[in-house]
Amino acid sequence: MSATAERVQTVDLASTPLRELNQRLHDQAGLDEPERHWRVLNPSGAHALACGVDAPIEIDIMGHAGYYCAGMNKQATITVHGNAGVGLAENIMSGVVRVTGSTSQAAGATARGGLIVVEGDASARCGISLKGGDIVVHGSVGHMSAFMAQTGRMVVLGDAGDALGDSIYEARIYVRGSVKGLGADCVEKELRDEHRQELAELLAAAGADGADPGDFRRYGSARNLYTFHIDNAGSY
Amino acid sequence: MCGIAGLFAKSDRIAEELGAHLEAMLVQLNDRGPDSAGVAFYRDPVPSGGSKLSLQHPDEAYPWDALAADAAEALGAHADIEQRANHCVVRLDVAADVAEEWVARAHPEVRVMSAGTVIEIYKEVGLPTAFAERFRLSELSGSHALGHTRMATESRVTTDGSHPFSTGLDLCLVHNGSLSNHNRVRKDLAREGIVFRTENDSEVAAGYLMWRMREGATLDQALEGCLEDLDGFYTFAVGTADGFAVLRDPIACKPAVLAETDDWVAMASEYRAIATLPDADRARIWEPEPATVYSWDRVPA
């Protein structure tokens, strides 16, 4: 490793405006030699931390983040060393967003790619309208998680709240613990070898490789809602 | 939108600095509610048999000492006053219901914001930051306090439409959200004799709690009744003489964070308000479950 690669940019939000931090992070987009390592001090629940980053860099947020942290992320690996507020990694495109604590509602909403790892719990509406991203929650998720999830995967090592996967399209949900209730058109499905394989990969990527894929149940769409009837195809 | 902050002191140090801490929390919630702000402080209890009223008059030059002299004459009671901007806390050595009834009759030009033995309510239109300065919140100590920053959705921006709403002796309510069936519930409650000052939805929630408790419900039972009888979005925080309670509707769109250390219990719409408190980074932090009543009481020493 060269000396440059080990250099860490430290930004203290107790003295630096949030917009300045986000601008400096945005400025890394397209650079041949971006600053690879960033450390953010005193986040104190600020909103929109490290939103819209588009560079292969690592960002460590040393404390609790507020709303919409790491939204729209591309390429970056962002770790929140604490909890995160509403809308963590909303519409993430690629990269990895990891939270060592718990997150509030709508974590990974409309995520299109990348991986979101929550080491604690995620609350209501985790993975709402998931569009291709992957979410692994080491703890439990709240009610209405994976609501209208279109594609992508959500893995829950703990329990799921009520109305899991309501009106789900083609996303796949894996839950190890109990499910309080399934939403409309969401059903349990057979866990086949291809799913165990997929689960093993996701668990390894999320640092949960101690978990046995065979302990999970798979949930997905029964494809019985209006949108799935071929007679209605002309309406779209 | 709206913002809520609640702080319950577990140590003497936090109790002493309660106002300064609540102010710091409210300032963080400025942009969740720039229309008006209000607080309820639980502090400085009156001796047994006495009462405390929080009164308000739009004119800061209102002669509160004359009102106190009137009270002394009419009620044969000693009256102490402490003015804070356009509010005044009056301490009397008669029961709260007697004092409140007398003010309503003898001084209808004055609004009664709260009545009881320990509660004080201050609320006004304007930015929370300006409110905190004008009402000198940082001077106040107390056992616990609730604050609210309002972004109006359901009714006009007025002093009466600001939170907290009194819901009975030593009780108050703050609300983040919007109720959809408040007009029907207001009519039902009006038939039960509950009086409303505004078209505000949150005042209906306060009136609902007042009615349920008047009919014999405990605070927890009254809050559980909200889940059945109130439609809409809400995070409620209710202040009581001994503590506070929190309830979120079953959908739980409106945020709430709870945190606790050895020195305090705090509730806020967002963590950034809690982040202002001492040792917040070492607090136990969690999000209250939907449709679940949480409450804290001061355990007598």
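Q: Why is A:Val187 called partly exposed?
A: A residue is buried if 20 or more other C-beta atoms, placed from the backbone, lie within 10 Å of its own, exposed if 12 or fewer, and partly exposed in between. A:Val187 has 14 other C-beta atoms within 10 Å, so A:Val187 is partly exposed. This is a predicted model, in which local features need pLDDT of at least 70, side-chain atom pairs count only at pLDDT 80 or more, and totals for chains, interfaces and linings use all residues. Residues are numbered from 1 along each chain as its sequence is written, and chains are lettered from A and ligands numbered from 1 in the order in which they are written.

Q: What makes A:Val187 part of a strand?
A: Strands are DSSP runs of E with at least two residues, numbered from the N terminus. A:Val187 lies in strand 10 of chain A, residues 186-189.

Q: Which residues does A:Val187 touch, not counting those up to four places away in sequence?
A: Contact requires C-beta atoms, placed from the backbone, within 7 Å. By that rule A:Val187 touches A:Leu182, A:Tyr219, A:Gly220 and A:Ala222.

Q: How many residues of chain B are in contact with chain A?
A: Ten residues of chain B are in contact with 13 residues of chain A.

Q: Into which domains is chain B divided?
A: Bounds come from an automatic or database domain assignment; domain 1 is 3-45 + 124-297 and domain 2 is 47-117 of chain B. Their C-alpha centres lie 24 Å apart. Eleven residues of domain 1 of chain B are in contact with nine of domain 2 of chain B.

Technical notes:
Two residues are in contact if their C-beta atoms, placed from the backbone, lie within 7 Å. Helices (H or I, at least four residues) and strands (E, at least two) are DSSP runs, numbered from the N terminus.
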